[in-house]
Amino acid sequence: MNVHHLVLPKLTQVPFILLAVIAVAIADVLLKRVASQGNLKAVLSNPWLLCAVGLYLFQIVFFIIAFHTGWKLSIIGALQTALYGLIVLAAGVLLYHESLTRLQVLGSVLAIARVVLINWP
């Protein structure tokens, strides 16, 4: 199968990259849910584990396409890290009632600033 026929223009790939990052964050949230099952046999037979693996594969496919079409590792890495951090912080607060410190809020703001500065012309 020729991947060139599947590739979208670079700008239209941004939503897919965002979806890939969201997929990884959701997969990690699912892994936290699965890990609370108690024993390893229950964890490995939990259907949510298969969902998490599928989400990780989704992310891998879209990142391969992005790299194949010329995206820079530094850009995708910075974007992924910032968005992932925001998503898992929000999930921790909203789903697991974890507390969010001022330092974590500051770190989130700095992560977003990093993505903006790295992409600045």
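**Entry 1, H3 against H4.** I started with this pair and found that the axes of H3 and H4 come within 10 Å and cross at roughly 145°. A reminder to myself before going on: this is a predicted model. I then looked up the hand of the crossing, and for H3 and H4 it is right-handed. Which residues meet there? From H3 I noted Gln59, Phe63, Ala66 and Phe67, and they meet Leu73, Ile76 and Gln80 of H4. Sorted by type, the residues of this H3 and H4 contact are five nonpolar, two polar and no charged.

Next I took H1, residues 14–35, and H3, residues 47–68. Their axes are 8 Å apart, and the packing angle is about 155°. Angles over 145 degrees count as roughly antiparallel, so H1 is roughly antiparallel to H3. I wrote the hand down as well: H1 passes H3 in a left-handed crossing. How do the residues of the contact of H1 with H3 divide? I have 22 nonpolar, one polar and two charged.

I stepped back to look at the fold. The protein chain has five helices and zero strands, so my sketch of its elements from the N terminus on reads α-α-α-α-α. Of its 121 residues, 25% count as buried. I also checked how far along the sequence the contacts reach. Taking contacts between residues at least 6 apart in sequence, I found that 70% join residues at least 24 apart.

I went looking for the largest nonpolar core, and it has 13 residues. Those with the most contacts inside it are Ile17, Phe63, Ala66, Trp71, Ile76 and Val115. H1, H3, H4 and H5 each supply at least two residues of this core. Which helix gives the largest share? H4 does, with five residues. A background note for this page: in soluble globular proteins, nonpolar side chains tend to be buried together.

Leaving out residues up to four places away in sequence, isoleucine 17 touches Phe63, Ala66, Trp71, Ile76 and Leu79. Phe63, Ala66 and Ile76 were already on my page from the meeting of H3 with H4.

Is asparagine 46 buried or exposed? I looked it up: asparagine 46 is buried, at a relative accessible area of 10%, and the cut-off for buried is under 20%. Asparagine 46 lies in the loop between helix H2 (40–44) and H3. Its contacts, not counting residues up to four places away in sequence, are Val34 and Gln37. For valine 34 I also took the C-alpha separation from asparagine 46, which is 6.7 Å, with the two residues twelve apart along the chain.

Serine 108 sits in helix H5. I noted 12% relative accessibility, so serine 108 counts as buried. Which residues does serine 108 touch, not counting those up to four places away in sequence? My list holds Leu86 and Leu89.

Most residues other than glycine have a negative phi. Histidine 97 has a positive phi of about 55°, although it is not a glycine. I found histidine 97 in the loop between helix H4 (73–96) and helix H5 (102–118). Histidine 97 is exposed, with a relative accessible area of 69%, where exposed begins over 50%.

Definitions and conventions: Residues numbered from 1 in each chain as written. Predicted model: local features only at pLDDT ≥ 70, side-chain atom pairs only at ≥ 80, totals over all residues. Heavy atoms only, no water. Axes fitted to C-alpha atoms, helices over the stretch in contact; angles between N-to-C directions. Helix = DSSP H or I, 4+ residues; strand = E, 2+ residues; numbered from the N terminus. Parallel < 35°, antiparallel > 145°, perpendicular 65-115°, else oblique. Left-handed = near helix turned anticlockwise from the far one by under 90°. Nonpolar A, V, L, I, M, F, W, Y, C, P; charged D, E, K, R; others polar. Buried < 20%, exposed > 50% of the residue type's maximum accessible area, 1.4 Å probe, protein only. Core = buried A, V, L, I, M, F, W, Y, C linked by side-chain atoms within 4.5 Å. Contact = heavy atoms within 4.5 Å.
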